[in-house]
Amino acid sequence: MDADAEISDSVGMLAQPYHLYVERTDSAKNMARYYAMSIEPTLFGNACLSRRWGRIGSAGQQMVHHFDREDEAVRLFLDLLRQKRNRGYRPRTSALL
């Protein structure tokens with residue numbers, strides 16, 4: 001069998017799941033924001049970084065980035081995570097009952 005013709009089992013599969021949901025609230029400023037993002041495989045085996053943000057309880061806005069390689073998507077994911085943490089976004093602390 002030709003080595004170039006072999007297809008890897010990991011094509012289109014992410015090495016690990018990347019999901020994030022953080023919030024930033026400040027009642028003195030009437031601020032209640034959320035930021036969510038995840039990396040998912042596309043049908044073509046590429047990586048897709050999906051971001052959503054807005055006021056908590058609203059549909060907000062969405063942006064999708066497509067990458068040829070997973071490591072490029074992970075790099076942007078980590079850069080955005082760092083930016084959001086520096087701005088005061090934290091994981092949700094209230095439990096849903």
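In this predicted model, the side chains of D71 and R75 meet in a salt bridge, with N and O 3.9 Å apart; a salt bridge here is a side-chain nitrogen of Lys or Arg within 4 Å of a carboxyl oxygen of Asp or Glu. Both residues lie in helix α1, four residues apart, which is about one turn of the helix. Because the model is predicted, local features need pLDDT of at least 70 and side-chain atom pairs count only at pLDDT 80 or more, whereas totals for chains, interfaces and linings use all residues. Residues are numbered from 1 along each chain as its sequence is written, and side-chain values use heavy atoms, with hydrogens and water left out.

**Salt bridges**

- The structure holds three salt bridges, and besides the D71 and R75 pair there is one between R69 and D71, whose closest N and O atoms are 2.4 Å apart.
- R75 counts as partly exposed at 49% relative accessibility, as do R69 at 46% and D71 at 32%; buried means under 20% relative accessible area, exposed means over 50%, and partly exposed lies in between (1.4 Å probe, protein chains only).
- R82 forms a salt bridge with D79, the closest N and O atoms being 3.0 Å apart, and these two residues are three positions apart in helix α1, so about one helical turn separates them.
- R82 is partly exposed at 48% relative accessibility, and D79 is partly exposed as well, with a relative accessible area of 31%.
- Through salt bridges that share partners, R69, D71 and R75 are joined into one network.

- K84 is found in helix α1, which spans residues 70-86; helices (H or I, at least four residues) and strands (E, at least two) are DSSP runs, numbered from the N terminus.
- Not counting residues up to four places away in sequence, K84 touches Y35 and Y89, where contact means heavy atoms within 4.5 Å.

**F77 in the helix**

- F77 also has its place in helix α1, and F77 counts as buried because its relative accessible area is 6%.
- Leaving out residues up to four places away in sequence, F77 touches Y18, H19, L20, M37, S38, I39 and L49.
- F77 and L49 are 28 residues apart in sequence, while their C-alpha atoms are 7.4 Å apart in space.

**Strands β3 and β4, and R55**

- Strand β3 (residues 47-55) and strand β4 (residues 61-67) pair in the antiparallel sense over seven bridges; two strands pair if DSSP finds at least two bridges between them.
- R52 has Q62 as its bridge partner in β4.
- The two strands β3 and β4 form a hairpin with five residues between them, and G57 in the turn has a positive phi of about 95 degrees.
- R55 has its place in strand β3 and counts as partly exposed at 42% relative accessibility.
- Setting aside neighbours within four places in sequence, R55 is in contact with N30, M31, A32, R33 and Y34.
- R55 and A32 are 23 residues apart in sequence and 5.7 Å apart in space, C-alpha to C-alpha.
- A polar atom of the R55 side chain lies 3.1 Å from the backbone oxygen of N30.

**Overall fold and confidence**

- The protein has one helix and five strands, which follow the pattern β-β-β-β-α-β along the sequence.
- Of the 97 residues in the protein, 28% are buried.
- Among contacts in the protein with a separation of 6 or more, 40% are between residues 24 or more positions apart.
- The mean pLDDT of the protein is 85, and 81% of its residues reach 70 or more; pLDDT is the predictor's confidence in each residue, from 0 to 100.
- Over residues 1-11 the pLDDT is below 50, and beyond near neighbours in sequence this stretch has one contact in the model.
- Where pLDDT is low, the predicted coordinates should not be read in detail.

Key:
Polar contact = N/O pair within 3.5 Å; in protein donor to acceptor, adjacent residues only side chain to side chain.
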